[in-house]
Amino acid sequence: MKADLIYENDLIEIIIYTCIAFLSMVLVLILFFYFSRKKIIQKEFEKKDLEIHHHKELLRAGIISQEAERKRIAQDLHDDISSKLNIVSLNSHLLMTPNLTVQEIAEITGNIINLTGKALKNSREIAHGLLPAVLDKFGLHAGVEELCQEFNSSKSVNVSYQNQVQFDDLDKDKHLHVFRILQELMNNSLRHGKARNISIVFVEENGMKECCYTDDGCGFDSKDKKNQHGLGMKNIESRVGFLEGTLNINAKVNKGVEVIFSF
Ligand SMILES: Nc1ncnc2c1ncn2[C@@H]1O[C@H](COP(=O)(O)OP(=O)(O)O)[C@@H](O)[C@H]1O
Ligand SMILES: [Mg+2]
């Protein structure tokens, strides 16, 4: 009888301990899931924060470069066009002076013709800078060909260009972005990389057009903060964003630069 009672007490004790152990395990598991979930959510927030910050940086770069472009156009208009038109106006008023000799009239009209010619040429150049005429009239392929010729004619770099893509005239807006990206990449290769050779290749894969750009210049460390403050690369990134494409930049010191973007 006594032995039975002891056995029963032991059993109850075992059951109680097992329940406590089980409950503590459940508690530990709940706490574990709670904290790991909290950590995941925190990580997600941090990632979102980084994305927003990056987005803001791109927007800022876009606005700054837009302002710089406006300033440049204002300067060009002011220095090249306004000043010349000013002198044309002065000369035209001079023509109204009474008793001018034939020689004086010829000299003043000569001045006017000369200055209006220059103002016309400069206004064409400003317009060309804003929207290259060849790009508008003959499309991206001809535009890039002309760009390569311009760089080749400087004799300081050799640009090779291959195109396997048929560009659609309906995508003109997109093509201006592609053109500006290449312009910036080529300027960087010359200015920063001191490259001797540049290669540009357009290919089409699975309906997506891709541009592969390489130079053999001094390259750079893309992780170095000092190389992340330029506006040029940020603008390239936001232009690729407009194109809804992807951007891959492979750059190493002394290994040149490779940039692949799709559009
Ligand atoms: N092709 C290149 N070769 C060597 N360095 C480059 C090249 N492209 C970019 N870089 C480096 O990356 C930096 C950022 O370039 P970018 O954003 O175009 O700014 P910026 O041209 O105004 O300095 C440059 O200052 C340069 O150090
Ligand atoms: Mg640049």
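The legends below describe close-up views of a predicted model.

Residues are numbered from 1 along each chain as its sequence is written, and chains are lettered from A and ligands numbered from 1 in the order in which they are written. In this predicted model, local features need pLDDT of at least 70 and side-chain atom pairs count only at pLDDT 80 or more, while totals for chains, interfaces and linings use all residues; side-chain values use heavy atoms, with hydrogens and water left out.

**View 1. The shell around ligand 1.** The shell holds 15 residues, of which E184, N188, H192, N227 and M233 come nearest; a residue is near a molecule if one of its heavy atoms lies within 4 Å of it. By class, 4 residues are nonpolar, 8 polar and 3 charged. Here Ala, Val, Leu, Ile, Met, Phe, Trp, Tyr, Cys and Pro count as nonpolar, Asp, Glu, Lys and Arg as charged, and the others, Gly among them, as polar. Helices α4 (172–191) and α5 (231–242) each supply at least two shell residues, and α4 gives the largest share, with 4 residues. Helices are DSSP runs (H or I, at least four residues) numbered from the N terminus.

**View 2. Polar contacts of ligand 1.** A polar contact is a pair of N or O atoms within 3.5 Å. A polar side-chain atom of H192 lies 2.8 Å from an oxygen atom of ligand 1. For the side chain of N227, the distance from an N or O atom to a ligand oxygen is 2.9 Å. G232 contributes a polar backbone atom, 3.3 Å from an oxygen atom of ligand 1. Taken alone, ligand 1 exposes 530 Å², and the protein buries 83% of that (Shrake-Rupley method, 1.4 Å probe).

**View 3. The magnesium ion (ligand 2).** E184 (OE) and N188 (OD1) coordinate the ion at 2.0 to 2.2 Å. Donors are N, O and S atoms within 2.8 Å of the metal (3.2 Å for Na, K and Ca); water is not among the atoms, so sites may look incomplete. Both residues lie in helix α4, 4 residues apart, about one turn of the helix. E184 is partly exposed, with a relative accessible area of 24%, whereas N188 counts as buried at 17%. Buried means under 20% relative accessible area, exposed over 50%, and partly exposed in between (1.4 Å probe, protein chains only).

**View 4. Helix α5.** Buried residues of α5 include G232, K234 and N235. L231, also in α5, is partly exposed at 29%. Just after the helix, E244 takes a positive phi of about 55 degrees.

How values were computed: A polar contact is a pair of N or O atoms within 3.5 Å; within protein, one must be able to donate a hydrogen and the other to accept it, and residues adjacent in sequence count only if both atoms are side-chain atoms.
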